[in-house]
Amino acid sequence: HLLLLKLLTNVSAALKSGLQNFLKTLKVSSAAGYLQQLSTHFAHSCLLSCVFMSIQGMSKEHIMEIRSKNINPMTSKITYYKKPVFIHQGHMQWLWDMDGRRYLDLFAGVATVAVGHCHPKVTAAVEKQLKKLWHTTNIYVNAPLHEYCEKLASHLPDPLKVIYLTNSGSEANDLAMLMARIHTGNYDIITFRGSYHGGSQQTMGLTSQSSYKYPIATSSGCTHTMCPDVFRGPWGGSHCRDSPVQTIRQCSCAQGQCMANEQYIGQLKETFAASVPSRVAGFFGEPIQGMGGAVQYPKNYFKEAYKLVREKGGVCIADEVQTGFGRTGTHFWGFQGYGVLPDIVTMAKGIGNGFPMAAVVTTPEIAASFAKAYHFNTFGGNSVACAVGSAVLDVRIKEDGLQQNCHHVGTYLMKELAKLRDKHEIIGDVRGKGLQIGVEMVKDKTSREPLCPQAMMEIFEDVKDMGVLIGKGGLYGQTFRIQPPMCITTADVDFFLAVFDKAIHNYMDRQ
């Protein structure tokens with residue numbers, strides 16, 4: 001009872017408006033009912049606050065002193081919240097701060113902790129490999145690299161069977177750019193406005209968000225075409241997306257037709273006609289934009305875009321850094337949901353559940369072109385990384401059924417969020433697939449003007465104060481991102497929905 005009472009303090013902001021009103025948001029009629037719901041909600045977690053590991057290290061004050069003196073100020077610039085959350089430990093979908101307060105993690109270290117924080121089977125695989133061999137590089141032959149690549153290749157369709165391991169998504173995309181240019185003999189690469197493909201000097205050229213650009217020369221030969229965003233873009237309707245939830249926009253398209261898709265493909269044709277040479281190196285596309293705010297495209301867009309790119313001599317590159325490994329629920333890879341087959345696939349984040357690991361997968365022909373010169377990566381294919389990656393695949397596929405969980409829980413979450421969208425004027429769009437979800441906030445549904453940064457921050461902080469961590473994205477910072485560990489449950493979703501609804505109410509009450 002003391003534990004449950006302590007958990008109630010996490011919703012103190014909501015209780016200010018009266019316990020009964022808050023209980024109504026949770027669809028329970030009494031405090032006893034709420035306690036019972038909390039008991040059920042937290043019973044599945046094997047790590048409770050009562051077993052929180054005590055802090056033996058430095059104080060928060062000392063941490064902030066070091067931060068101001070020794071940590072690059074860019075770290076503070078990107079840190080969430082007015083009062084930072086001092087994370088101390090994690091287990092599955094839960095995080096604890098240094099004060100012992102627990103949070104439901106719905107952002108997973110930016111869509112990275114795929115199978116759960118400190119998953120016991122992945123942890124065991126790491127410990128086993130650490131006792132055997134840490135590192136050799138590819139100047140020697142070692143079994144973990146080959147075991148992992150064989151396992152990863154088995155989850156990709158032919159002819160995508162040749163793998164090069166790297167350490168991050170930026171590095172993987174940088175390498176994919178190089179492979180595309182070498183193989184085609186062409187230079188120009190097309191991607192979407194609003195996209196994010198990395199922060200290296202090369203991939204900064206691909207990235208199309210001013211917040212991530214410096215006033216220096218980045219990779220030339222990168223052209224940004226209009227993003228086929230059917231909510232915020234000039235065209236969109238009520239049947240465009242492969243998603244359980246469609247936009248609030250209306251259309252008169254006949255069955256099987258999509259006027260919005262035709263218009264956006266027309267914009268891509270204009271890009272070919274006006275902005276690039278007659279032959280291009282490639283086209284980059286995230287199946288669902290991540291940093292861009294979980295933006296989805298018309299269902300047939302990639303089929304037509306890939307055809308146009310290949311007619312111009314280019315290769316098609318799927319950036320699966322955030323969408324890969326079953327996160328979209330219906331398929332293991334995001335590109336499969338569009339019925340297309342790329343020439344190169346890049347992946348990172350969830351590939352290693354938080355361990356620095358990434359990969360570029362391509363065809364034998366493109367891989368052979370890349371082998372014309374030397375390319376060396378010291379840590380790519382590290383023995384410990386491969387042990388982690390192998391364990392993550394086993395947990396996802398064979399044991400925990402996480403792809404199916406993404407589909408089941410994610411669909412439930414989106415449909416319930418759609419009810420909140422219909423209830424609140426400032427929720428403009430709910431979109432996504434599986435557990436790659438965006439909630440776009442607006443000033444009003446008629447104008448679809450982005451909700452102002454101050455308002456976004458107020459809601460964001462309130463959600464955190466009630467015990468849930470989510471992310472932000474979008475070209476104007478107007479979208480809340482939900483990309484949790486793939487092990488979350490419908491009970492977790494219910495808790496978040498009550499918190500999010502209350503945060504919206506709190507904001508509206510202050511207006």
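Colleague: How many helices and strands does the secondary structure of the chain come to?

Modeller: The chain has 18 helices and 15 strands, where helices (H or I, at least four residues) and strands (E, at least two) are DSSP runs numbered from the N terminus. This is a predicted model, in which local features need pLDDT of at least 70, side-chain atom pairs count only at pLDDT 80 or more, and totals for chains, interfaces and linings use all residues. Residues are numbered from 1 along each chain as its sequence is written, and side-chain values use heavy atoms, with hydrogens and water left out.

Colleague: Why are α16 and α18 called roughly parallel to each other?

Modeller: The axes of α16 (residues 402-423) and α18 (residues 490-510) cross at roughly 20° and come within 10 Å. Angles under 35 degrees count as roughly parallel, and the two helices are therefore described in that way.

Colleague: Which residues of α16 and α18 meet?

Modeller: Among them are Tyr 412, Leu 413 and Leu 417 in α16, and Val 493, Phe 496 and Phe 500 in α18, contact meaning heavy atoms within 4.5 Å.

Colleague: What makes Asp 429 count as buried?

Modeller: Buried means under 20% relative accessible area (1.4 Å probe, protein chains only), and Asp 429 counts as buried because its relative accessibility is 0%. Asp 429 belongs to strand β11 (residues 427-433), and its side chain makes a polar contact with the side chain of Arg 241 at 2.8 Å, a polar contact being a pair of N or O atoms within 3.5 Å, one able to donate a hydrogen and the other to accept it.

How values were computed:
Axes fitted to C-alpha atoms, helices over the stretch in contact; angles between N-to-C directions. Parallel < 35°, antiparallel > 145°, perpendicular 65-115°, else oblique. Buried < 20%, exposed > 50% of the residue type's maximum accessible area, 1.4 Å probe, protein only.
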